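Let's take a friendly walk through a protein model together.

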Amino acid sequence: MTRPLLMIPGPIEFTDEVMMEMGRPTYSHVDPAFIAIFSQALRDLRAVFLADDDHQPFILAGSGTLAMDSAAANLVEPGDRVLVVNTGYFSLRMADICRRYGAQVDAIDAAPGETVSADQVAAALQQGDYAIVTITHVDTSTGVLTDVKGMARAAKEAGALTIVDGVCAAAAEEMRQSEWGVDVYLTASQKAIGVPPGLALLVASPAAMEKWRGRSTPVGSYYADWNQWLPIMEAYEGRRAAYFATPAVNLVMALAVSLRQILDEGMDAVFARHRGLSDAVKAGIQALGLAQVPSAYEHAAHTLTCPRYPDGVDASFLAHVRAHGAILAGGLYPSIKSEYFRIGHMGAVGRGDVLATLGAVEAGLRAAGYAIEPGVALAAAQAVMDA
Ligand code: PMP
């Protein structure tokens with residue numbers, strides 16, 4: 001293949017079946033065939049999030065930031081106290097969005113590469129009457145994974161709702177929305193969900209819908225307002241046409257195919273595959289002598305790896321990696337941006353993609369003047385995958 005593999009933390013490589021949907025003739029958004037597809041996609045989104053039938057899914061045209069905006073616009077009322085678990089760039093974005101809707105925001109800040117514990121969240125919740133806790137499941141800027149299960153439990157005990165940004169985690173990291181009591185789990189199409197960019201996806205719990213229904217102030221966003229969208233989602237799921245704003249028809253068709261592929265693999269198998277491939281990539285990176293941004297394996301994400309550049313190597317090495325077959329991403333967290341790069345490994349990735357990518361990293365490092373023994377990362381990754 002002459003086209004380099006797209007191994008950034010989103011967008012990612014998509015399956016052929018998903019890409020075929022993007023090229024098919026566009027249905028009318030009220031065509032019975034499209035209504036059936038949309039209905040299935042809504043039900044399958046719930047299934048992928050392991051959410052019960054009493055949870056409300058939303059599929060909106062927009063990116064992940066719209067999913068964040070939609071959760072905050074509908075759940076935050078002016079004066080609400082919001083506790084932000086800050087593990088990086090995208091946690092801070094959520095704090096900004098909540099402030100925009102009038103929240104009084106406090107944050108628990110983790111240094112880059114560190115995480116926040118559920119105990120820290122429980123202790124902070126004792127200090128104030130918080131309405132909402134926001135959590136970034138995987139912060140794409142640092143590769144840090146948070147303990148969503150423990151934090152959701154702490155929030156529930158304190159009577160606060162949880163909004164979890166799963167943009168870099170959904171359909172890859174373990175997440176059981178109903179069992180864990182996550183009130184809003186949100187993501188975007190272009191990462192492990194496996195569909196080109198353009199869809200914002202959310203699933204809301206009955207408690208979240210109740211807070212929204214009980215609002216005393218109108219929702220401050222016209223497009224994101226669930227008053228506009230709830231009747232539409234209910235209609236499509238019930239196989240009736242309804243219109244508020246034109247759905248992204250081909251993206252919804254592609255989503256329906258991708259969610260089916262994920263469910264056919266099975267959620268436990270999907271979680272285990274991501275863990276296994278991540279372990280292989282991380283073993284390969286370690287074998288090259290490169291450190292990683294997350295300070296401990298226990299809170300490193302399984303959707304991406306964030307290696308630090310070795311001495312004498314900088315971001316210009318990414319062009320060499322690309323020339324050898326893999327497109328990777330540079331750093332993102334502002335204070336350490338120039339010190340690391342990011343390898344995405346989520347969605348329909350397999351063993352071959354991991355080996356091709358590590359091979360390109362090895363070749364790129366050699367081209368950048370860093371002496372390594374050829375094959376050392378590949379051998380380490382293969383040893384993990386064969387174990
Ligand atoms: N949250 C996280 C964790 C992300 O990784 C991203 C995108 N990289 C976003 C939110 C924002 O999503 P989008 O770029 O699709 O608006």
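This is a predicted model: local features need pLDDT of at least 70, side-chain atom pairs count only at pLDDT 80 or more; totals for chains, interfaces and linings use all residues.

One of the residue pairs to look for is Ala-329 with its bridge partner Arg-342 in S14. Now widen the view: S13 and S14 belong to an open sheet of three strands, ordered S11-S14-S13, with antiparallel pairing. Strand S11 (304–305) and strand S13 (329–330) are at the edges and have a single partner strand each, so one side of each has no neighbour in the sheet.

Next, zoom out to the whole chain. How is the chain divided? There are two parts: domain 1 (5–10 + 266–386) and domain 2 (16–265).
|---|---|
| Separation of their centres, over C-alpha atoms | 28 Å |
| Residues in contact | 29 of domain 1 with 32 of domain 2 |
| Area buried between them | about 2,400 Å² |
| Salt bridges across the interface | two |
| Residue pairs in polar contact across the interface | 14 |

The size of an interface is often expressed as the accessible area that is lost when the parts come together. Here, 62% of the area buried between domain 1 and domain 2 lies on carbon and sulfur atoms. Which residues of domain 1 lose the most area to domain 2? They are Met-267, Phe-271 and Tyr-333, which together account for 25% of what the domain 1 side buries.

Charged side chains are worth a look too. Glu-265 and Arg-273 meet through their side chains in a salt bridge, at 2.7 Å from N to O. On the side of domain 1 that touches domain 2, helix H11 (residues 267–287) gives the most, with seven residues. The residues on that side of domain 1 comprise 17 nonpolar, nine polar and three charged ones.

Finally, visit two details of the backbone. Between Gly-10 and Pro-11 the peptide bond is cis, and its omega is near -5°. Pro-11 sits in the loop that runs between strand S1 (5–6) and helix H1 (16–22). The other detail is at Leu-50, where phi is positive, about 55°, although Leu-50 is not a glycine. To find Leu-50, look in the loop between helix H2 (32–48) and strand S2 (56–61).

Terms used. Residues are numbered from 1 along each chain as its sequence is written. Side-chain values use heavy atoms; hydrogens and water are left out. Domain bounds come from an automatic or database domain assignment. Contact means heavy atoms within 4.5 Å. Buried area is the accessible area (1.4 Å probe) that two parts lose on being put together, summed over both. A salt bridge is a side-chain nitrogen of Lys or Arg within 4 Å of a carboxyl oxygen of Asp or Glu. A polar contact is a pair of N or O atoms within 3.5 Å; within protein, one must be able to donate a hydrogen and the other to accept it, and residues adjacent in sequence count only if both atoms are side-chain atoms. Helices (H or I, at least four residues) and strands (E, at least two) are DSSP runs, numbered from the N terminus. Ala, Val, Leu, Ile, Met, Phe, Trp, Tyr, Cys and Pro count as nonpolar, Asp, Glu, Lys and Arg as charged, and the others, Gly among them, as polar. Two strands pair if DSSP finds at least two bridges between them.
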